[in-house]
Amino acid sequence: MGQDFIFSEFGAKFRNQTGIGQLMEDLGNLSPGVSMLGGGSPALIPEVEEVWKKILSQFSESGAWDSILGKYETPTGKEETLEILASLLSSETGTSISKNQIAITNGSQNAFYLLLNFYSGRFEDGSFKKIFLPVLPEYIGYLDQPIGPDSFSYSLGKEIPIGEDGFRYELDPSSFDSIKEDLGCVVMSRPTNPTGRVAKKEELEQVLKFARGRKIPFLLDNAYGFPFPGIVFSEEKLFHSEGMIQSFSFSKIGLPGVRTGFVLGNPEIIKALNKANAVLNLAGGNLGQYIALEFVRSGEWLKLSRDIVKPYYLKKRDLAISSIRREWKGKLNYKIHESEGAFFLWVQFVGLRKKISEIYPLLKEKGVIIVPGKYFYPVTQSVDSYGEDSVRISFAREDSEIQEGIRKIGEILSTYTD
């Protein structure tokens, strides 16, 4: 048996299981017949796959594979791709954006690892600054990324009831006044993973006003939103203003395997991201950059997002909600967060005798995987009850798998109700 070497503080962070690590392990080790309602992978939509086949075929016909596979791009990224992305964002935001405001990264997860550590932790003046999350729950993938310990400050927002079995977490700007900690940045996802809430323009402006008052950047994650995949069921639009750093991803439009994303920010931030990219990755992956160029240049991004992807997930959402109401009504006391985007439902339960994290292994054993709500709260052990009454359910699956998984959840959780 090999020697156990001593880890640094940085290395020790990864010896223990993380929420995102557990999720990705479950996603990659599915047994036949399991209802995988816990993952973040997009659905395999035939019309989307046809577009990728068409683009890859064009690469073969043009002889582009030598450049795609046989050389590095610069850490800055492929110039034509940067230009087309800048043009797209200029058009969609109504602001003037240039290529030196765009950084290409190996996915938005990679981008946020860098950005969160750029703007949190120990600073040169000796101060320690935290990341502020304006409305919890928030994306599982942020919470283990900061190198520094105890790196989050947060607001729980306001819980507003909607209809017979719904609710919504609303931004509560009045709570911001109670945040006395030293902050380095504000972070929000839109649509929010896990709840599917889409922050209104007015809410973004309130967060931005707070960030400007603290002289810190506002980081906005658009992985499920605009301009693509555009999984937004409300009437909101892409919004950008000075003081914001925004990330975007090609994963949820159907390309999770190429690990390609991009960041919009001021040129100094982009220069720092490009230099960090050179240190960590040498350069971004070529394939995603070449696909991105053709995808945007051809206009396929708009047709797929508007005509295929958004209607597809809207239909799946309605199926999941109707299945919940059919299977759980009268058996479970539940509330569904208003679903305005992405491909998740956030469901809160009342009156369970056990925590969801304690029931999770039984759910997994019985053939259904969800994500326990506690992983979306950056809280200490002393207040670890946050999220223990909630689950995130993905509806990016086959209809029968969604229906069967929801039936199993109802069957198992009903044994823990009074």
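Lys-271 and Glu-268 sit three residues apart in helix α8 (residues 267-281), so about one helical turn separates them. Their side chains meet in a salt bridge, at 3.5 Å from N to O. This is a predicted model, and its salt bridges come to 27 by count.

**Salt bridges**
- Salt bridges with shared partners join Arg-168, Glu-170, Arg-197, Lys-200, Glu-203, Glu-338 and Glu-340 into one network.
- Glu-170 and Lys-200 form a salt bridge, with their closest N and O atoms 4.0 Å apart.
- Glu-170 belongs to strand β7 (residues 166-170) and Lys-200 to the loop between β8 (183-189) and α7 (201-214), so this pair ties together parts 30 residues apart in sequence.
- Arg-190 and Glu-236 also meet through their side chains in a salt bridge (3.3 Å, N to O).
- Arg-190 is buried, with 3% relative accessible area, and Glu-236 counts as buried at 18%.

**Sheet**
- Six strands make an open sheet with mixed pairing, in the order β6-β7-β12-β13-β16-β15.
- Its edge strands are β6 (158-162) and β15 (371-372).
- Strands β12 (residues 334-337) and β13 (residues 344-349) pair in the antiparallel sense over three bridges.

**Helix packing**
- Helices α3 (residues 46-62) and α9 (residues 286-297) have axes that come within 10 Å and cross at roughly 105°.
- The contact of α3 with α9 has nine nonpolar, one polar and one charged residues.

Conventions. Residues are numbered from 1 along each chain as its sequence is written. This is a predicted model: local features need pLDDT of at least 70, side-chain atom pairs count only at pLDDT 80 or more; totals for chains, interfaces and linings use all residues. Side-chain values use heavy atoms; hydrogens and water are left out. Two strands pair if DSSP finds at least two bridges between them. Helices (H or I, at least four residues) and strands (E, at least two) are DSSP runs, numbered from the N terminus. Axes are lines fitted to C-alpha atoms, for helices over the stretch in contact, and angles run from 0 to 180 degrees between N-to-C directions. Ala, Val, Leu, Ile, Met, Phe, Trp, Tyr, Cys and Pro count as nonpolar, Asp, Glu, Lys and Arg as charged, and the others, Gly among them, as polar. Buried means under 20% relative accessible area, exposed over 50%, partly exposed in between (1.4 Å probe, protein chains only).
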